[in-house]
Amino acid sequence: MIDSELVSNPQATGNMRWYVIHAYSGMEKSVKRGLEERIARSGMPEKFGRILVPSEEVVEIKSGTKSVSERRFFPGYVLIEMEMTDESWHLVKNTPKVTGFVGGVRNRPSPISTAEVTKIMDQMQAGVDKPKPKTLFEVGEMVRVKEGPFVDFNGNIEEVNYEKSRLRVSVTIFGRGTPVELEFGQVEKM
């Protein structure tokens, strides 16, 4: 998944810079596919490099079942490496579900720095190497119980078990701290 996104276009040459495209939210992958198809048909693939939808993998736990999903860093935005000419600008701007470029003036967008792109790529690679839990809990953190017999009780997290998606929370009952085992979905952060 990520490796193919980070590989350069072998035909790409010239004075390329990174630009940010604003797209309809939730349509980033569709915009990426549309751009790749339009570039292939345009006869100017040498003016384009990589196209990235900045995202990372997250582990979500529902009812004790672990699933890996994708979370976008910047919903509604796509990064593109390209040589800015009138023709390349029109190709991108007229791609379905693209609303325009971010930054610069109306028909002359400004590029983002290579350092910013490198930081985003590093963040994407880190998410693939080690997916993050969607909700992170920490020992000592206050939570409110939202389901079960202790609903509306507040408590401190004493232990977090990501393998089983469970917490041990100390809730105060009749003035005493009582440890209670709860699933991640039964509590919310305060």
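**A chat about the model**

Modeller: Happy to! Just after H2, Gly43 takes a positive phi of about 80 degrees. This is a predicted model, where local features need pLDDT of at least 70 and side-chain atom pairs count only at pLDDT 80 or more, while totals for chains, interfaces and linings use all residues. Residues are numbered from 1 along each chain as its sequence is written, and side-chain values use heavy atoms, with hydrogens and water left out.

Colleague: How many helices and strands are there in the protein chain?

Modeller: The chain has 4 helices and 12 strands. Helices (H or I, at least four residues) and strands (E, at least two) are DSSP runs, numbered from the N terminus.

Colleague: Back to H2, then. What should its 15 residues span?

Modeller: Helix H2 covers residues 28-42, and at 1.5 Å a residue it should span 21 Å. The expected span is 1.5 Å times one less than the number of residues. The end C-alpha atoms of H2 are 21 Å apart, which agrees.

Colleague: Which residues in H2 are buried?

Modeller: Glu28, Val31, Lys32, Gly34, Leu35 and Ile39 are. Buried means under 20% relative accessible area, exposed over 50%, and partly exposed in between (1.4 Å probe, protein chains only).

Colleague: What does Leu35 contact, if we skip its neighbours within four places in sequence?

Modeller: Leu35 is in contact with Ile21, Ile51, Ile80, Leu91, Val92 and Thr95. Contact means heavy atoms within 4.5 Å.

Colleague: Which residues touch the most other members of the largest nonpolar core?

Modeller: Out of 19 residues, those are Ile21, Leu35, Phe48, Ile80, Met82, Val92 and Phe101. A nonpolar core is a set of buried Ala, Val, Leu, Ile, Met, Phe, Trp, Tyr and Cys residues joined through side-chain atoms within 4.5 Å. Another core lies apart from it, with 12 residues, among them Val145 and Leu167.

Colleague: New topic: is Ser170 buried or exposed?

Modeller: Ser170 is buried, with a relative accessible area of 18%. Ser170 is in strand S10, residues 166-173. Beyond its neighbours within four places in sequence, Ser170 has contacts including Asn154, Glu158 and Pro179.

Colleague: And how much of the whole chain is buried?

Modeller: Buried residues make up 37% of the 190 residues. Thanks for asking!
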